[in-house]
Amino acid sequence: MKIVADKNIPFLRGVAEAYGEVTYLAGADFSKEAIKDADALIVRTVTHFGKELLEGSTVKLICTATIGYDHIDTDYCDAHGIKWTNAPGCNSGSVEQYIASALVVIAQQNNFLLKGKTIGIVGVGNVGKKVALVCEALGMRVLKNDPPRQEAEGSDEFVSLDTIKKEADIITFHTPLVREGKYATYHLADFAFFGSLAKNPIIINAARGGIIDTSAIKKALIEKQISGAIIDCWEKEPVIDLEYMKLVDIATPHIAGYSADGKGNATRMSLEAIADFWSLSKEPIGKVVIPQVENPVIDWSILNGDKLEQAILMTYNPTEDHKRLVSNPADFSSLRGNYPLRREYLSYTVENVDNAADKAVLQKIGFIIK
Ligand SMILES: NC(=O)c1ccc[n+]([C@@H]2O[C@H](COP(=O)([O-])OP(=O)(O)OC[C@H]3O[C@@H](n4cnc5c(N)ncnc54)[C@H](O)[C@@H]3O)[C@@H](O)[C@H]2O)c1
Ligand SMILES: O=C(O)[C@H](O)[C@H](O)COP(=O)(O)O
């Protein structure tokens, strides 16, 4: 079997070879010629897969090692018998960690307490559900908006976007990027959206750049319709609007989902899709091993102030990613390609927690307690 894989998918080399002959390419080097006789592709969001690349090829399966799949023309694939898979939930814990840490940092920078603040979560799927959990653990009031789920489930767990616009101090987007239809999200946050916010909220986008209209959020930041922004996903990335980047509080190069855990899960899920499609053994996938950080132990007894916030920041602090991007925005892609090792809560052990309530909260968001 011939596999063509993106060379920036971690933990793939030396494992994917169990399934066939593998060619590794940069995202920009996937061409018609390069994939014409491939059976399977393992890809990232940086390459668009539609008629222009796939027509006339032997590709039978496209596995994107990502949650999002807006870079795949799924209509074209479905109409031409090309199966495609994504990796649902693979890096939802990583985005949860990114959002929690970014909230702690922005609260410190602006001298406010997260406890008691209202956060509106727009899109409550794999990521949004985990973000809700960690925000509750941080003592925040959580409002959830998800019209497709509300309609399908008939649950009273959800509120309207109007309620979020009225009541939220922070609004975070976790929807897919959908350009048309009843639940379209393209430019969901447009000029009208920013003009109708009651509480000058902080805006977070770690979903897809196109969910926010860049011109509209720039105006909102300049005119103080919003009091800040945490932006990981950008329209037209990797070439981002520098004026916008300078206006936001935390600017990162689309790395919210870049924990090693998230990348490892995505690699495993892509290989599982290949094994399932061709009825092959999944044993080789056991060779995907994630390295541990140098010091995976947190001593609860020596933490000061809000201990949960401190513990969260010990696992990841977005300030470094922010500094790297703002000092070198032209390196957007290479910052992503050479991302440092980051592990999620589940690889950290918290020691000396004597209070049962603290233990329960830490365990709920995934820390190991000793
Ligand atoms: N920055 C990163 O590194 C990163 C990492 C992972 C995921 N993402 C992106 O985050 C987003 C969420 O990922 P996920 O895994 O939770 O997806 P998901 O499919 O599990 O959940 C998305 C949720 O959004 C809801 N939704 C759809 N249209 C909506 C609308 N118009 N208004 C409100 N809700 C709507 C859906 O019903 C669903 O519950 C996706 O865009 C994904 O590509 C980014
Ligand atoms: O959709 C996802 O899973 C995330 O946006 C992920 O971070 C994308 O990673 P990329 O394929 O761009 O490396």
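1. **Ground rules.** Residues are numbered from 1 along each chain as its sequence is written, chains are lettered from A, and ligands are numbered from 1 in the order in which they are written. Because the model is predicted, local features need pLDDT of at least 70 and side-chain atom pairs count only at pLDDT 80 or more, while totals for chains, interfaces and linings use all residues.

2. Four residues from domain 1 and five residues from domain 3 make the contact; contact means C-beta atoms, placed from the backbone, within 7 Å. On the domain 1 side, one residue is nonpolar, two are polar and one is charged. The classes work like this: Ala, Val, Leu, Ile, Met, Phe, Trp, Tyr, Cys and Pro are nonpolar, Asp, Glu, Lys and Arg are charged, and the others, Gly among them, are polar.

3. UniProt, in an unreviewed entry, places "domain: D-isomer specific 2-hydroxyacid dehydrogenase NAD-binding" at residues 113-256. UniProt positions follow the numbering used here, feature names are shortened, and annotations may be inferred rather than shown by experiment. The span is 32% helix and 17% strand, and its end C-alpha atoms lie 23 Å apart. Helices (H or I, at least four residues) and strands (E, at least two) are DSSP runs, numbered from the N terminus.

4. **Ligand 1.** The shell holds 31 residues, and the closest are Gly 68, Gly 123, Gly 125, Val 127 and Gly 257. A residue counts here if its C-beta atom, placed from the backbone, lies within 6 Å of the molecule. Helices α4, α5 and α6 (147-153) each give two or more residues to this shell. By class, the shell has 14 nonpolar, 13 polar and four charged residues.

5. **Helix α5.** This helix covers residues 126-137. Its 12 residues reach 17 Å from first C-alpha to last, close to the 16 Å expected at 1.5 Å a residue; the expected span is 1.5 Å times one less than the number of residues. Val 127, Gly 128, Lys 130, Val 131, Ala 132, Val 134 and Cys 135 are its buried residues. Buried means 20 or more other C-beta atoms within 10 Å of the residue's own, exposed means 12 or fewer, and partly exposed lies in between, with C-beta atoms placed from the backbone. The cover over these residues includes α4 (92-109), β6 (118-122), β7 (141-145) and β8 (170-173). After α5 comes Gly 139, with a positive phi near 85 degrees.

6. Around ligand 2 are Arg 44, Thr 45, Val 46, Thr 66, Ile 67, Gly 68, Asn 91, His 254, Gly 257 and Tyr 258. Three are nonpolar, six polar and one charged. UniProt (unreviewed entry) lists Thr 45, Thr 66 and Tyr 258 as "binding site". They spread over 214 residues of sequence, yet the largest C-alpha distance is 12.8 Å. Thr 45 sits in the loop between β3 (40-43) and α2 (51-54). Thr 45 counts as buried because it has 21 C-beta neighbours inside 10 Å. Tyr 258 lies in the loop between β11 (250-251) and α11 (260-277). Tyr 258 is also buried, with 25 other C-beta atoms within 10 Å.

7. UniProt (unreviewed entry) places "active site" at Arg 208, Glu 237 and His 254. They cluster in space, with a largest C-alpha distance of 9.9 Å. Which of Arg 208's contacts lie beyond four places in sequence? They are Gly 68, Asp 70, Leu 177 and Cys 233. Arg 208 is buried, with 24 C-beta neighbours inside 10 Å. Glu 237 is partly exposed, because 18 other C-beta atoms lie within 10 Å. Glu 237 touches Gly 209, His 254 and Phe 332, not counting residues up to four places away in sequence.

Technical notes. Contact = placed C-beta atoms within 7 Å.
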